[in-house]
Amino acid sequence: MAAAGWYRYDTGARRLTLTLHVQPGARRDAISGLHGDALKIRIAAPAADNRANAALLKLIAETLGIPTAAVTIRRGATARRKVVVIAPVDESAAQRLLATAAA
């Protein structure tokens, strides 16, 4: 799979790194497609008390069918722009996330 600006895959570690633009306080949780060089995700939970981050991790895990513990925020815990790491996972996970946005 060709590398996109919003994700990087490390085959040796089976680790997927995502660049996300997160919009807390949205009407509903949804993967919205690309936003510049990031994948845009809308989260219904407010940003207060880390609720939006918890909902973000849960949405990604449920979409990919993996445990929530496999998804961590590497950078940007208090910002809209975040870097999230998912491991272990296969490279096709990035395309499954993007396909969810198109559906």
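Are Trp6 and Tyr7 buried or exposed? In this predicted model, Trp6 is buried, and Tyr7 is buried as well. The two residues also form an aromatic pair, with an edge-to-face arrangement. Their ring centres are separated by 5.0 Å, and the angle between the ring planes is 65°. The total number of aromatic pairs in the model is 1.

A charged residue, Lys40, was examined next. Lys40 lies in strand β4, which covers residues 38-43. The residue is buried but takes part in no salt bridge. A salt bridge requires a side-chain nitrogen of Lys or Arg within 4 Å of a carboxyl oxygen of Asp or Glu. For Lys40, the nearest side chain of opposite charge is that of Asp37, at a distance of 13 Å. The side chain of Lys40 does make a polar contact, at 3.5 Å, with the side chain of Gln23. With residues up to four places away in sequence left out, Lys40 touches Gln23 along with His21, Ala30, Ile31, Ser32, Gly33 and His35.

Arg96 is found in helix α2, formed by residues 92-102. Because its relative accessibility is 32%, Arg96 is classed as partly exposed. Leaving out residues up to four places away in sequence, Arg96 is in contact with Leu64 and Asp90. Arg96 and Asp37 are separated by 59 residues in sequence, and their C-alpha atoms are 17 Å apart in space.

How values were computed:
Residues numbered from 1 in each chain as written. Predicted model: local features only at pLDDT ≥ 70, side-chain atom pairs only at ≥ 80, totals over all residues. Heavy atoms only, no water. Helix = DSSP H or I, 4+ residues; strand = E, 2+ residues; numbered from the N terminus. Buried < 20%, exposed > 50% of the residue type's maximum accessible area, 1.4 Å probe, protein only. Lys, Arg positive; Asp, Glu negative; His and termini not counted. Polar contact = N/O pair within 3.5 Å; in protein donor to acceptor, adjacent residues only side chain to side chain. Contact = heavy atoms within 4.5 Å. Phe/Tyr/Trp six-rings, centres within 6.5 Å; stacked < 30°, edge-to-face > 60°.
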